[in-house]
Amino acid sequence: MSGYIASLLSVIGINMILALSLNIITGFCGQVSLGHAAFYGIGAYTAAYLSKLGVPLLLTLPAGAAMAGLIGVVVGLTSLRVRHDFLAVTTMGIGFLFLGFVRKQKWLGAELGISGIPGPGLDPLAYALLIGISAASVVAFSLWIKRSWMGFTFDAVADDEDAARTVGINVPAYKLTAFGIGTALAGLAGGLYVYFARIILPDTFDFVQSIAILTMVVIGGTGSVWGVVASTVALTLLPEVSRAASDYRLLIFGGMLILVMRFSPGGLAGMARAYIAAYRARRRALP
Amino acid sequence: MYFVELGVKGLVYGCMYAMMAVGLTLVYGLLRILHIAHAGVFALGAFIAVVVANATGSLALGVALAIVLSAVAGVAIYRFAYQPLLGHPAFVPMIVSIGIFVVMQEGFRMVFGAYGIAFEHNPYYTATVDLAGIRLNYVEIAMVIAATVLLVGFGLFASLTRAGIGSRGTVSDPQMATSFGVDPVRVRYLNFIFGSGLAGIAGALVGLLNNYVEPTMGGLVSYKALAIIVLGGLGSVRGTLIASLILGVVESYGTIYLADIFDRDAIGFLFLIVVLMVRPQGLLGRG
Amino acid sequence: MTVLAHIDDLHKSFGGVAAANGASFAVTAGELLAVIGPNGAGKTTTLRLMAGLLQPDSGRILFDDRDVTSLPAHARVRLGLGFTHQIVRPFYSFSTIENVMIAAGHRQTTSPWRALMPRSRQAARERAAAILERIGLAGQAEQSPRALPLGQRKRLEVARAIALDPRLLLLDEPLAGLSSAEAATMADLIRTLPQAGITVVLVEHNLGEVLRVADRIVVLDGGKVLADGAPAEVMARADVRQAYTGTS
């Protein structure tokens, strides 16, 4: 039983880091990214490859994050050149490039991926705790950014880039920062996943995965830290709680994307805010 | 000779991409929305064709119904998903579109199974023709003819008829167009009908070409179509057509020369990214 | 009588049409300089070139004896060169005071690393409130810019620019779209800026107000400087009046 709980907590933790990392790029800084799974994959492949060479976990995790962050900055450079709508397709393309590349490289296992990855050196529950601490740190970091001047600046860049320039904001630097932080964190999630799953396949990091991560962000409320935390927990637990939900996982994700964006684009956070505002209005109206 | 044959095959694929991409670029030009659900319409066309053809024994009926029902689906998507969300930033309808695509794809998987259905009576699958030393499948020829006829017809319609000119007016200056008595909603419906019908035909033809239809077939073609419309300059039909053919040819040659590094699908995106870095507005876009 | 900024033989063409065609003039510290001219004279282009929103095809822009021609817009802002848009661009997702705050806190946003350091927004809020008070928007502080009429949005645009502590402020048609009463108030507000240490260069069509508040006038025609001097003497010139009435 404890093995199952450890497993569940691990998955929630990894998903949370993934979702929060995308939230920084898309939610905080307004840069659409439909290829986020590629960075998850870059972190995973880096960590997996190094771990099989005997490099210890304490080094492979940062290495995975660094690699993902580095490539993320390079991808960020593309965001500087193209308009919003183009960015969605470009990032989608990055996702396919990663997949297409990895599937062909023999030294990375091609279609079969990398297997026989050593364990983390901790028992499952302890490892789950490690993941949990990492996830909590990412939550704290996200909140820090949100409340800082960086968060304020990201809001301005997301609102109107040209206006941001006229208030002295170095828009390219901030966009690259958002990409770098977001992708590095996704790489961290990838590294953590590697020691959890012990085997990685290219298909784990495909477009569908990018959409799954996006779903967690969107349903939580793009830009809201607590909203994304809540939606990640809910969407990860859902297939566990309901067998039917598990089989129809993608269908439910798709359906939720449609319903949420159609009726409440602010996601859970938006709904919460609307509810609180209505509650306060009612209270004020009372004699 | 092989070289030429590669080029011709590339053009054939280009025609298929063009039929998909035109629908996408029309929607973008009118509404500034990335109509990712178009992939679902494509697959729908394929499934309708195969189901009807197998049930009635008539391929013609299958293709005809594929066109009609795809067109209906496209309009329904506009009416229920996009029209109510026109006031929101483009991110919102794009996410709904992604949701619709996922739901459709999963729906196909649940109804028809993950492995899809094959055509039971498809004489065209193996019949080939030798044109000046190049072997071409009947379906491939049909694809080129269909694409040429339909797209040229559309071009003539757009430049010569009152309705066509009116539609173009709506894209460049909606208010002006309205004051001339053009109904923007009707224009949108027409564009969705035409674009989605085209996707339906494309789906049916691809199904015939491969002799079977499976749930995920929409995805890849659609992602490429998105890459194409960006490449051609979002909203430019001419650019889209040219980009479609170029992509088909680039993929054809690229697969041979880059076979060890990237798989076929990644090549298209690699080309897209390279072009965008050099010309951020696309091959024919206006910046 | 120090020269604060200087543009030197600026050229800029758009698709074969030369918007700036050898424009050159100097800006003296502490003055209110108005740039006027008939439609299509290249006034807005020149201002946007100075602000760094456009890059010239050739020519130089000097600010404080420093060549800023290749500096991007945000870097020029950091040096003290502010700009307001003709079509106002407030951050619509921010409140009025937040719009000014993001500018008031410009020292915190120089680099992403700096912006990550712990620093409350309180000081910026207080400065922003003070500026809104001066500009007459204190009552609208918590409102969204969407709720403000054009006149107030234009004042917000100026407030935000002032919060950047500029030494030179470039205003692109700040009076456009305003009623005569609002335009007069805005012109009066702009007139107070040089005394507060902000040199002003303003592009305007509203000649009445311009002649009232400007210290010096530069007339542009066809992308070149036609006249440069005190308002009365410039407006008395025959060639200036000719440029305006369209016979060239």
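## Close-up views of a predicted model

**View 1. Buried residues of helix 3 in chain C.** C:T96, C:I97, C:E98, C:N99, C:V100, C:M101, C:I102, C:A103 and C:A104 are the buried residues of helix 3 of chain C. The model shown here and in the other views is predicted. Helix 3 spans residues 96-104 of chain C, and nine of its nine residues are buried, so the helix is largely enclosed by the rest of the structure. Its buried residues pack against helix 5 (122-135) and helix 6 (150-162) of chain C. They also pack against helix 6 (149-159) of chain A.

**View 2. An open four-stranded sheet in chain C.** The strand order is 2-1-4-5, and the pairing is antiparallel. Strand 2 (17-28) and strand 5 (66-67) of chain C are the edge strands, each pairing on one side only. Strand 1 (residues 3-14) and strand 4 (residues 58-63) of chain C are joined by five bridges in the antiparallel sense. Follow C:A5 to its bridge partner in strand 4 of chain C, C:F63. Strands of a sheet pair through backbone hydrogen bonds.

**View 3. The contact between chains A and B.** Chain B supplies 35 residues and chain A supplies 30 residues. On the chain B side, the elements giving two or more residues are helix 4 (91-112), helix 9 (217-231) and helix 11 (264-278). Helix 4 of chain B gives the most, with eleven residues. By class, the chain B side has 29 nonpolar, two polar and four charged residues.

**View 4. Helix 2 crossing helix 3 in chain B.** Two packed helices are described by the angle between their axes and the distance between the axes. The axes of helix 2 (residues 38-56) and helix 3 (residues 59-82) of chain B come within 7 Å and cross at roughly 145°. The crossing of these chain B helices is right-handed. Helix 2 of chain B contributes residues including B:V41, B:L44, B:I48 and B:V52. Helix 3 of chain B contributes residues including B:L61, B:L65, B:L69 and B:A73. By class, this contact has 14 nonpolar, five polar and no charged residues.

**View 5. B:M19 and B:M20 in the largest nonpolar core.** This core has 270 residues, of which B:M19 and B:M20 touch the most other members. Helix 1 (residues 2-31) of chain B gives the most to the core, with 18 residues. Not counting residues up to four places away in sequence, B:M20 touches B:H38, B:F42, B:A199, B:A202, B:V221, B:S222 and B:A225.

Technical notes: Residues numbered from 1 in each chain as written. Chains lettered and ligands numbered in written order. Predicted model: local features only at pLDDT ≥ 70, side-chain atom pairs only at ≥ 80, totals over all residues. Pairing = 2+ DSSP bridges. Contact = placed C-beta atoms within 7 Å. Nonpolar A, V, L, I, M, F, W, Y, C, P; charged D, E, K, R; others polar. Axes fitted to C-alpha atoms, helices over the stretch in contact; angles between N-to-C directions. Left-handed = near helix turned anticlockwise from the far one by under 90°. Core = buried A, V, L, I, M, F, W, Y, C linked by C-beta atoms within 7 Å. Buried ≥ 20, exposed ≤ 12 C-beta atoms within 10 Å, placed from the backbone.
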